[in-house]
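User: Can you walk me through reading a sheet and a chain-chain contact? I'd like the general idea each time, then the case here.

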Amino acid sequence: MSAAVVVQDVTKTYDDLVANDGIHLDVGAGEVFGLLGPNGAGKSTLVRQLVGLTRPDRGGIDLFGHDVVATPSVAGHLVAYLGQDEPALLDLAVHAAVSTTARLRGESRRAAAAEATDLVEELGLTAVADRPLARLSGGQRRLACVASALAALRPLLLLDEPTAGLDPVARREVWAAIARRRDAHGVTVVLVTHNVIEAEAVLDRVAILDRGRVIACDTPGRLKAAVSDDVRLDLVWRLDPPYGDPTVAALADRAVVAGRRWTVRLSADDARAALGRLTGGAAFASLDDFTLATPSLEDVYLALGGRDDDLERA
Amino acid sequence: MTQVSRTPPPVRAAAAVAAVNGRTSWWSTADAVYRLALARGRIARGPLLFVATLQSVGILVLLRGVVRHPDRATSAAVVAGGSVLVVAFVALNLLAQRFGAMRAGRSLDYFAALPVPVSAVVIGTAASYATFTVPGALVTAVVGAAMFGLPFGQLWLVVPAVVASGIALSGVGAAVGLLMPRVELATVAGQLGMTAVLFLGLIPPAHLPLAAQGLRQAVPSTYAVDVLAAGLRGSATPGGVLWRVAASLAYGAVTLAIAARAFRRAVAR
């Protein structure tokens with residue numbers, strides 16, 4: 001697999017804040033690659049450097065063999081970039097926003113208009129095609145921005161939280177649109193997310209960022225397998241937990257408590273045994289809900305020392 | 001993973017993926033940005049243009065009341081200065097605010113991430129603002145010529161005057177908006193620039209002290225004011241019009257180049 005993106009030792013500092021700290025990454029052509037991490041992990045800073053908007057203090061970035069640090073303008077030819085918001089397009093109608101982006105990527109006015117019509121339909125925006133982005137709901141506006149990013153397709157899609165604020169149906173529409181472009185045209189996709197469900201569902205490989213560093217990078221499956229055999233037991237108490245119960249007392253020492261919800265990480269055998277005792281004993285009367293789950297990318301993130309904040313799980 | 005209820009339309013633009021295309025042409029970029037900026041200003045431009053025109057016409061009415069028997073040269077200078085002031089209000093004041101807001105709101109990133117010439121983005125935006133100054137400048141010139149009893153024969157010169165001053169001043173307005181660290185400072189700087197155009201454009205050159213006459217030549221819109229003033233005196237010559245328009249364009253080329261450079265710096269900050 002040839003390399004679409006090669007990032008070597010990229011470091012970027014803002015005043016005293018080290019946003020990226022010696023990042024190395026390789027993304028193969030045709031991959032759907034994710035950058036996962038909480039807010040402030042340095043994901044957007046890295047993406048801005050990939051598209052030539054920000055220059056790294058140190059390190060190299062190659063896109064399809066082109067040196068973006070030496071020639072930032074080359075990124076505009078290779079990359080379709082979707083920022084976290086798109087204020088430049090807010091006053092345009094949806095169709096006009098998409099066709100304007102297509103035109104600015106070199107399409108003729110006629111071709112741009114035709115493609116905008118297709119994209120607006122593909123992302124389910126036909127009913128609001130003539131409405132300015134500023135007057136759409138947050139989710140529709142995000143969809144319109146995604147449509148704009150997909151206009152006049154580039155070899156690399158660089159999408160900063162493309163599904164932020166979308167409902168599950170719209171989110172699947174976006175994933176489907178991205179997948180179609182990868183399957184039909186071999187487009188490479190790098191997307192930023194702090195949603196672990198999205199990361200597990202759509203990414204071929206994922207780099208987990210924390211405090212400006214890549215703390216892990218592999219397929220979601222391998223990452224989960226490598227970190228731990230532990231499973232996660234979630235308990236939700238209807239009433240105060242019955243601490244008199246020996247199983248509950250034992251779990252209480254290891255639980256991460258959030259209100260009435262306990263999260264406990266245990267070996268699979270211990271979890272199964274504990275759940276058996278809880279559901280078969282008197283404590284069951286106090287239990288509102290429970291789940292037993294294999295490790296998620298969130299567990300990988302926590303096991304590698306990440307902070308348990310800002311990751312989305314919906 | 002990817003179930004959708006509708007059959008999606010075919011994905012277009014496969015060819016675009018195959019190779020790195022060249023940069024989008026300068027004219028296509030300027031045209032698309034021009035339309036984008038026009039769409040943006042659709043709601044606000046009417047009231048703003050009304051205010052800009054009313055301001056200039058108001059100044060002319062004031063001066064007509066104050067100066068009892070102005071000579072023709074003075075009248076022509078006042079009316080020409082008032083007409084170009086409409087352009088200054090929009091190209092300096094409003095455009096500086098607009099680019100300041102684009103810089104602060106990170107709208108520049110959208111353009112910077114596209115394969116487009118930055119100068120075309122600046123000029124496309126500036127041109128959209130300059131466009132809706134034409135009716136205001138024309139109204140001011142017509143009303144002013146009527147009030148001061150000036151001939152209408154060469155009033156068409158308001159068009160090259162607006163274009164020339166629009167290009168020269170919008171480069172300054174764009175550069176100010178992009179260079180100032182805050183929108184508020186960009187607004188103040190644009191307002192100060194407009195004040196300079198107001199005084200040095202409206203007051204006839206012969207009435208200015210020597211030092212101010214030198215300063216007048218340094219103001220980008222002076223050449224456009226002089227083109228229109230010559231027309232209102234009925235003494236414009238093709239050579240005189242051409243060199244003054246050329247001087248305005250040269251001014252505009254320099255200031256727009258500075259603005260394009262400021263654009264790149266603003267994105268990379």
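Analyst: Start with pairing: two strands pair if DSSP finds at least two bridges between them. Helices (H or I, at least four residues) and strands (E, at least two) are DSSP runs, numbered from the N terminus. This is a predicted model, where local features need pLDDT of at least 70, side-chain atom pairs count only at pLDDT 80 or more, and totals for chains, interfaces and linings use all residues. Residues are numbered from 1 along each chain as its sequence is written, while chains are lettered from A and ligands numbered from 1 in the order in which they are written.

User: Which strand is joined to strand 8 of chain A by 5 bridges, with the two running parallel?

Analyst: Strand 3 (residues 32-36) of chain A is one, with F33(A) opposite V190(A). Strand 7 (residues 156-160) of chain A also runs parallel to strand 8, again through 5 bridges, and there L157(A) faces V189(A).

User: Is strand 8 of chain A buried or exposed?

Analyst: A residue is buried if 20 or more other C-beta atoms, placed from the backbone, lie within 10 Å of its own. In strand 8 (residues 188-193) of chain A, 6 of the 6 residues are buried, so the strand is largely enclosed by the rest of the structure. T188(A), V190(A) and V192(A) point one way, and V189(A), L191(A) and T193(A) the other.

User: How many residues does each chain give to the contact?

Analyst: Residues are in contact if their C-beta atoms, placed from the backbone, lie within 7 Å. Chain A gives 42 residues and chain B 34. Helix 6 of chain A supplies the largest share of chain A's side, 9 residues.

Terms used:
Two residues are in contact if their C-beta atoms, placed from the backbone, lie within 7 Å. A residue is buried if 20 or more other C-beta atoms lie within 10 Å of its own, exposed if 12 or fewer, and partly exposed in between; C-beta atoms are placed from the backbone.
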